[in-house]
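Morning, everyone. Let me put the structure up.

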Amino acid sequence: MALTTIGVNDCSIENLAELCCTTSIWTVDLAYLLQKFSVRFSYYTVTFGANPNYSGETYYKEQLPNDLVRVDTLFKKAVEAGINIGCRSISGEEISCWILSGKYIAIALVDQYKLSSAEILHCSQSWMEDVIIPGFQGNDVGYTGHYVVICGYDSETDEFEIRDPASSREHDRVSSKCLEEARKSFGTDEDLLLISLEESRKPNYSVL
């Protein structure tokens with residue numbers, strides 16, 4: 001979604017998966033992937049490296065022991081690779097200002113279940129029916145990492161427009177409060193990739 005927005009249209013999901021060289025995708029993997037396509041972006045997170053405290057989470061339990069060294073190495077090599085990592089929390093107000101400027105879109109790591117149980121415009125129940133959530137059986141679920149693209153903001157309703165690859169809808173709207181809860185859930189590290197549209201756009205870009 002993000003690459004198409006800046007005019008990279010000749011790369012399939014399969015190609016991107018091969019370039020990642022792993023099926024256990026972390027935000028830092030996406031950062032290196034964006035770097036390969038000469039995308040100008042900033043990477044924000046509250047944890048520099050893999051957080052060992054997530055070892056008790058079902059979502060991380062299987063892969064975390066194998067990923068710790070790999071992910072930490074990617075973080076350590078990020079600076080020399082030209083990847084700008086800001087180790088701080090980003091507020092919803094900052095994101096809304098960036099998005100309203102029209103100069104940025106953002107890829108955010110969220111807790112999928114918290115996002116999918118959020119108040120979505122035009123009836124959250126109908127939105128839930130359109131979202132593909134494997135294994136969802138109610139509210140008693142743990143953290144599940146998921147990425148969405150934040151591409152719009154309505155200041156009158158205080159809602160963000162997002163593109164969700166797990167939804168059959170072209171776009172969804174979510175309140176800033178709900179997005180903030182999903183984005184700052186335990187397990188996300190509040191990871192955010194802020195993409196500069198002006199500095200990254202290729203000749204044949206599209207509007208997301």
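Keep in mind that this is a predicted model. Start with tyrosine 54 and tyrosine 60: both are buried. They also pair with each other, and the pair is stacked. The ring centres sit 5.0 Å apart, with 20 degrees between the planes. Stacked here needs planes under 30 degrees apart. Now look around them. Tyr54 and Tyr60 belong to one aromatic cluster, together with Trp26, Tyr59, Tyr143 and Phe186.

How many aromatic pairs does a search of the whole structure find? The count is 10. One of them joins tyrosine 44 and tryptophan 98. That pair is stacked too, at 5.7 Å centre to centre and 15 degrees between the planes. Where do the two residues lie? Tyrosine 44 is in strand E1, residues 41-45, and tryptophan 98 is in helix H6, residues 92-100. So the pair ties together parts that are 54 residues apart in sequence. Tyrosine 44 and tryptophan 98 are both buried.

On to the backbone. Most residues other than glycine have a negative phi. Aspartate 158 has a positive one, near 55 degrees. Find it in the loop between strand E4 (145-154) and strand E5 (159-163). Glutamate 190 also has a positive phi, about 55 degrees, and it is not a glycine. Its loop runs between helix H9 (176-183) and strand E7 (192-196).

Buried or partly exposed: which is glutamate 190? It counts as buried, at 14% relative accessibility, because the cut-off for buried is under 20%. Aspartate 158, with a relative accessible area of 35%, is partly exposed.

Conventions: Residues numbered from 1 in each chain as written. Predicted model: local features only at pLDDT ≥ 70, side-chain atom pairs only at ≥ 80, totals over all residues. Heavy atoms only, no water. Phe/Tyr/Trp six-rings, centres within 6.5 Å; stacked < 30°, edge-to-face > 60°. Helix = DSSP H or I, 4+ residues; strand = E, 2+ residues; numbered from the N terminus. Buried < 20%, exposed > 50% of the residue type's maximum accessible area, 1.4 Å probe, protein only.
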